[in-house]
Amino acid sequence: MMGSSTPKTTEPPDGWDEKAAYIEQCLLNNSIRYRRLKQSGAPMKPLGVSVAVTGRCNSHCIMCSIWKIAKENPGLIEQEMTIDEILGYLSGPCMQNLVEVDLTGGEPYLRDDLEELVYKISDLKLKYGILEKLQTIIIPSNGYLTDKILSTLKRILERLKGKGIDIVPVSSLDGIGRTHDIIRGTRGAYEKQKATIDGMIELRKTYSDFFFPMLKSTIMHANVDELEELFRFASQRQMFPIISSVIISKKRFRNDRYRSQLELTVEDQAKIASFYADEKKDLDFYYKKIFESIISGVKQWTCTALFDYVFIDYDRKVYPCPIQDACVGDLGNSTMTEILTSQRAADIRKNVGNMELCRQCTEPGSVRYSQIMEGAAMLDFIKAKGRKHYQEMIFDRGLHKLLEG
């Protein structure tokens, strides 16, 4: 039987010292529990799930070939998971501790029923009490469909105002101006995404208490000299920047054939290390651990994929995370509970972190969940920085939601 996602003691008290002690105790408890689960491969109820709601994409990125899926399969739209299917997967007993649901793609806004899907997922909490712990719905986008994206978000925000569910749009931006257009393989991509982002920033003025636009950039040779500009672009708009190195994956990104042009050089790695080492990023666990990994040549963080996080691809296949090629099961012929409690899942959980793709992974989403569940490294990190920074390191990054899941 699956256990609860995070050991619960009491709700964090009002006093700040008591809250800090609560955070530390949760991380310690998680660390102890994770080591036990890792040894046995035993399952737990995930805190986060990513669902690729479509395999279609209207971008032509050089670091990702997802857009080719629809080209190779003209009938893809008829094969996409229906809303009822997705709701069924999220409503299973093993998913009842979900705190965050990420609706990814492809390009999610290519689905004409994305808005309805968001409403019905929120209803699982608000109307039916199924996802009682749900706190966040994340929607990444390349930003090309500016008018559709902004009008959809405005309706969603108005509908979910005061309902206790945060909406987090993640905008992909890989360079300033022409650099972004080249990387995205689409003329005018930068101006479209910039218009979408600026529209989101305007929306945030009205819905600032539960609408948190973020920026995601993928580092490769083509943009390694623009990292500070991307960081500045995000900072000027008060968006949290997620800046991570390109990942080569045969199943997810289908980009292994372009390895030679995507792999970072020694000089690139030195530039990235310098970027991560900057004091402006000193309070961010992700940047700190990736910097340490680059400098040491050894991965410095522990992944907890398939324990507190799971990925459902557009074809109903289940994976530990978006980049891993090791398929855990198929929702076309098994339930989520059957998949997560299977012997195959246990074997994969034991091996997460040791597989080839795991060793080269710098995926920010994986670090986000792992830093809370693995616990020990995060506990050491925040204690070293001091309790005066806990607000910025934990609450401003939304990590407290995972602690309280």
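Tutor: A charge is said to sit over a ring if NZ of Lys or CZ of Arg is within 6 Å of the ring centre and within 35 degrees of the ring normal. The charged end of Arg 237 is placed in this way over the ring of Phe 233, 3.7 Å from its centre. Likewise, the charged end of Lys 192 sits over the ring of Tyr 144, at 5.8 Å from the centre.

The model is predicted, with local features needing pLDDT of at least 70, side-chain atom pairs counting only at pLDDT 80 or more, and totals for chains, interfaces and linings using all residues. Residues are numbered from 1 along each chain as its sequence is written, and side-chain values use heavy atoms, leaving out hydrogens and water.

Rings of Phe, Tyr and Trp (its six-membered ring) pair if their centres lie within 6.5 Å; planes under 30 degrees apart count as stacked, over 60 as edge-to-face and the rest as tilted. The whole structure contains 11 aromatic pairs. One of them, between Phe 275 and Tyr 276, is tilted, with 5.6 Å centre to centre and 50° between the planes. Both Phe 275 and Tyr 276 are buried, a term for under 20% relative accessible area, with exposed meaning over 50% and partly exposed in between (1.4 Å probe, protein chains only). Ring pairs also join Phe 275 and Tyr 276 with Phe 231, Tyr 286 and Tyr 287 in a cluster.

Phe 285 and Phe 381 form an edge-to-face pair, 5.6 Å centre to centre with 85° between the planes. Phe 285 belongs to helix H12 (residues 285-296) and Phe 381 to helix H17 (residues 376-385), so this pair ties together parts 96 residues apart in sequence. Helices (H or I, at least four residues) and strands (E, at least two) are DSSP runs, numbered from the N terminus. Phe 285 counts as buried because its relative accessibility is 4%, and Phe 381 because its relative accessibility is 6%.
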